[in-house]
Amino acid sequence: QVQLVESGGGLVQAGGSLRLSCAASGSIFSINDMRWYRQAPGKQREAVAGITSGGSTNYADSVKGRFTISRDNAKNTVYLQMNSLKPEDTAVYYCNADISLWVDAGTLRHYWGQGTQVTVSS
C-alpha cells in the first residue's frame with residue numbers, strides 16, 4: 001500500500017508563513033490529483049487546494065491569494081505554501097492523493113496522510 005506523510009506544521013503568529021509538505025511512498029505507478037484538506041475541532045473537513053497531474057490548480061475562496069499549492073512529480077511530493085496566515089486557518093491539515101500501484105496500474109484509489117497541526121496565534 002501507499003503511505004502519505006505530511007510535515008511542516010507548527011505554531012506561527014498571525015501574518016506569518018508556513019510551508020507544508022506531503023511525500024508519497026510505495027510501489028507507485030502514477031499519481032493523479034493531489035489535494036490539501038483541513039479540519040478544525042468540531043468542524044467538517046473542508047477542501048483547501050487541489051492540483052492536477054498537469055499542474056492545474058484551484059483554491060477555496062477563503063485562502064485564494066494567500067496559499068499556493070505545487071508539486072514535484074519526481075519526488076512524489078505536494079506542497080502548500082501558506083502566507084498571511086490568520087487565526088481562522090488554525091486546523092489539522094491533511095494531504096490526499098489519487099494513486100495507482102504497479103500491481104494494478106489501471107485502478108486509482110484514494111489515500112490520506114496522518115495530518116499535521118497548524119496553529120495561528122493572534
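# A tour of salt bridges, disulfide and core

Begin with Asp 33 and Arg 35: they form a salt bridge, with 3.8 Å between the closest N and O atoms. This is a predicted model. Colour the two residues by accessibility. Asp 33 has 30% relative accessibility, so it counts as partly exposed. Arg 35 has 17% and therefore counts as buried, the cut-off being under 20%.

**Next stop: Asp 89**

Select Asp 89 and Arg 38. Their side chains meet in a salt bridge, 3.0 Å from N to O. Arg 38 sits in strand E4, while Asp 89 is in the loop between E8 and E9. The two are 51 residues apart, and the pair links distant parts of the chain. Arg 38 and Asp 89 are each buried.

Are Asp 89 and Arg 66 buried or exposed? Both are buried.

Arg 38, Glu 46, Arg 66 and Asp 89 are linked in a network of salt bridges. Across the whole structure, the search finds 6 salt bridges.

**Next stop: the disulfide**

Show the cysteine sulfurs. How many disulfides does a search of the whole structure find? It finds 1. The partners are Cys 22 and Cys 95, with their sulfur atoms 2.2 Å apart. Cys 22 lies in strand E3 (residues 18-25) and Cys 95 in strand E9 (residues 91-101). The pair spans 73 residues and links distant parts of the chain. Look along the S-S bond: the angle about it is -85°, and the link is left-handed. Cys 22 and Cys 95 are both buried.

**Last stop: the nonpolar core**

Select Leu 4, Trp 36, Leu 80, Met 82, Tyr 93 and Ile 99. These have the most contacts inside the largest nonpolar core, which has 31 residues. Then colour by strand. The elements giving two or more residues to this core are E3, E4 (28-39), E5 (46-51), E7 (67-72), E8 (77-82), E9 and E11 (116-121). Which element gives the largest share of this core? Strand E9 does, with 6 residues. End the tour on E9, the strand that also holds Cys 95.

Methods. Residues numbered from 1 in each chain as written. Predicted model: local features only at pLDDT ≥ 70, side-chain atom pairs only at ≥ 80, totals over all residues. Heavy atoms only, no water. Disulfide = S-S within 2.5 Å. Helix = DSSP H or I, 4+ residues; strand = E, 2+ residues; numbered from the N terminus. Buried < 20%, exposed > 50% of the residue type's maximum accessible area, 1.4 Å probe, protein only. Core = buried A, V, L, I, M, F, W, Y, C linked by side-chain atoms within 4.5 Å. Salt bridge = Lys/Arg side-chain N within 4 Å of Asp/Glu carboxyl O.
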